[in-house]
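Subject: Structure handover

Hello,

Here is the structure I promised to pass on to you.

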Amino acid sequence: MQADCSNCFALCCVALPFAKSNDFAVNKAAGTPCKNLQQDFRCGIHTRLRDKGFQGCTVYDCFGAGQQVSQVTFGGRDWRTHPGTAGRMYEVFPVLRQLHELLFYVTEALALPAAAPVHADLRRALTETTEWTAADADALTALDVDALRQRINTLLLRASELARAKAPARKKNHRGADLMGARLAGADLRGANLRGAYLIAANLSGADLRLADLIGADFRDADLRGADLRDAIFLTQAQLNAARGDAATKISPTLARPAHWSE
């Protein structure tokens, strides 16, 4: 469930659209290769993406769906030498990306000891979703991913509730809340529900986010310097990449400290 760009045909650089903004320097239509993409499927400005105005590229994470589509679903046939596969490949990629994201969250939930009451159901969901990732292109494009997500999300919610019940602090419910630019420095957010919360440019420096449910929370430009994110629930690498942190930010050893964070 980790991206392996060396085995992917740069699908995120071709299949997906982006609009000129703080995250992207130019507009690009879906199915059109990025102007920075080279013939070998590598980015020509990979080490300078942020300096060149492509911060959004450094945040995106396909959860390993890119290499799955490239090497498994399409058996190593790339869209340059097999242009007839391009349209279907671009259609399948977002579907598999969602499936791999679900696999990540289910695996995270299974690692929560307090969520043991739903582990059996989670294991069944893991098996089902894994089987879907091996399906052919026709089956994947016909799959009702939203229905699958809804079923699995019910299990993830229950796992989160069980895990957060162990938090010592009063559990705050900020699900889907607009906390853009919020002043939350030093806040005790242990066990808080921050699902889908808008935390863009929020000041969370020194905040305690242990056992907080962070699934879908928007951390773009959030200040996480000195924050404690150990044991945060459903925290992804992409969320960390979108935020600002430093050497004092505490994170799980399974996640990497973003290169752009200050020392």
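This is a predicted model: local features need pLDDT of at least 70, side-chain atom pairs count only at pLDDT 80 or more; totals for chains, interfaces and linings use all residues.

Residues are numbered from 1 along each chain as its sequence is written, and side-chain values use heavy atoms, with hydrogens and water left out.

Let me begin with the salt bridges. A search of the whole structure turns up 16 of them, each defined as a side-chain nitrogen of Lys or Arg within 4 Å of a carboxyl oxygen of Asp or Glu. In one of them, Glu101 pairs with Arg149, and their closest N and O atoms are 3.3 Å apart. Glu101 belongs to helix 3 and Arg149 to helix 6, so this pair ties together parts that are 48 residues apart in sequence. (Helices are DSSP runs of H or I with at least four residues, numbered from the N terminus.) Glu101 is buried at 12% relative accessibility, whereas Arg149 is partly exposed at 24%. Here buried means under 20% relative accessible area, exposed over 50%, and partly exposed in between, with a 1.4 Å probe and protein chains only.

With Glu128 in helix 4 and Arg151 in helix 6, the pair ties together parts that are 23 residues apart in sequence. Glu128, at 25% relative accessibility, is partly exposed, and Arg151 is partly exposed at 48%.

Asp208 and Arg190 form a salt bridge as well, at 3.8 Å from N to O. Both are in the loop between helix 6 and helix 7 (237–242), 18 residues apart. Asp208 is buried at 14%, and Arg190 is partly exposed at 22%. These two also belong to a network of salt bridges that links Asp188, Arg190, Asp208, Arg210, Asp228 and Arg230.

Next comes helix 2 (65–73). It is mostly covered, with seven of its nine residues buried. What lies over those buried residues? The cover includes helix 3 (86–110), helix 4 (119–133) and helix 5. Thr73 is one of the buried residues of helix 2, with 16% relative accessibility. Leaving aside residues up to four places away in sequence, Thr73 touches Gln68, Val92, Leu96, Ala135, Asp136, Ala137 and Leu140; contact means heavy atoms within 4.5 Å.

In the segment before helix 1 you will find Asn36, which is buried with a relative accessible area of 15%. Beyond residues up to four places away in sequence, the contacts of Asn36 are Arg42, Cys43, Gly44, Ile45 and Phe54.

Finally, a few backbone angles. Most residues other than glycine have a negative phi. Ala10, in the segment before helix 1 (55–59), has a positive phi near 55° and is buried at 7% relative accessibility. Phe63, in the loop between helix 1 and helix 2, has a positive phi near 60° and is buried at 3%.

Key:
Helices (H or I, at least four residues) and strands (E, at least two) are DSSP runs, numbered from the N terminus.
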